[in-house]
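This briefing covers a hairpin, a sheet and a helix pair. Please consult the sequence and the structure shown here.

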Amino acid sequence: MRQQHTAGDKLFIDYCGPTVPIVNPDTGEVRTAQIFVATLGASNYTYVEASRSQNLESWLQAHVNAFEFFGGVPHLLVPDNLRSAVTKHCRYEPTLNDSYRKLANHYCTAVMPARPYKPKDKAKAENAVLIVERWILMRLRHQVFHTYAELNIVIRKLMHELNQREMRQIGASRQALFEMLDKPALKPLPLQPYLYTETKRAKVGPDYHIQYKKHYYSVPHQLVGEHVELEASLRLVKIYHQGNLVAQHPCSTKEHGQSTIDMHMPSNHQHQKWLPQRLLSWGKSIGPATREVVNAQLQSKAHPEQAYRSCLGLLSLSRQHGDNRLEQACKDAVLVDKPYLKFIKNLLSNHREGRLSSDSTSTPNIEHSNVRGPGSYH
């Protein structure tokens, strides 16, 4: 049956069967690029993009890019029955993926998946896929691409040539028909593009981190063992507990890495985050002698981190004895060349700080027959 397509009404969407290899120039690893194709019903105006996969994130982002390319939104989306679009296949009432439904709501459009095993429901997409395979992918079969961006640049150039090429049976190009038919009938784009957000539930591990896409994000250590809700976009990861936002991190793609905020760590773990400059700055705020003792502690070890605990133990004495007493004890320790935590701690415990620096008396010269002079030593 010949189908009549209304301007700006339907957008037919599918993936090509053939893929394009992406070769890592350093390791030789080969990945495959999936080719996303979307075509408007009235004008056959076609959008083509290389995606990393057919997963939900790539599927939704390809839609966003297609709407930006068209400069508007069609009234109806007609996708295939892939998992990223339909979670439950049914001839009469298919169940849409929640994220795909959110995207449709964001752009004020509707989704009507093609019936399973009925390619004629999306004949426009099938025909567009065939043309893309013959006119674009055929030209790329002898080229080697190292990145998806590099591949998309070449595809975008060939896509423009395809849309500007005159169709014999109609006597006009897809570009001309789009400008005349579909473009005026498309819905306007929203002010902000759709931002994909993935929602997951996770349990906080004993190291007060949760895992998302092979990366670890910290939460307050008081939530160890609790269940939290995670909302992740391409830019930000937000973590909620009982509806309250407890942590947020920039999204990271570093596998097996970790994003840790110092405030989330218990006090007995925070010493691992101390740096020599921070310890020296704390000591300087108490006094120059305290800073000198801290510096001596850091210099006395083969690695500065070995002295972190001693320095923290020294600086924490100011909470019990005050800054003035600690600074005076450090002056005494520097005077007698004993910049050690135990020595300074004993001075403060016995209230003997200041006595060494205030004692100006010297040992008297004693004359006695039992006392030998320097002439007795060679």
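Lys 213 has a positive phi near 55° in the hairpin of E12 and E13, where 2 residues lie between the strands. The model is predicted, with local features needing pLDDT of at least 70 and side-chain atom pairs counting only at pLDDT 80 or more, while totals for chains, interfaces and linings use all residues. Residues are numbered from 1 along each chain as its sequence is written, and side-chain values use heavy atoms, without hydrogens and water.

**Hairpin**
- Strands E12 (residues 209–212) and E13 (residues 215–218) run antiparallel and are joined by 4 bridges; strands (E, at least two residues) and helices (H or I, at least four) are DSSP runs numbered from the N terminus.
- Tyr 212 is placed opposite His 215 in E13.

**Sheet**
- An open sheet with antiparallel pairing contains 4 strands in the order E11-E14-E15-E16; pairing requires at least two DSSP bridges between two strands.
- E11 is joined to E14 (residues 227–232) by 6 bridges, and Ala 202 stands opposite Val 228 in E14.

**Helix pair**
- H10 (residues 323–335) packs against H11 (residues 341–349) at an angle of about 125°, with axes 9 Å apart; axes are lines fitted to C-alpha atoms over the stretch in contact, and angles run from 0 to 180 degrees between N-to-C directions.
- Residues of H10 in contact (heavy atoms within 4.5 Å) with H11 include Arg 325 and Asp 332.
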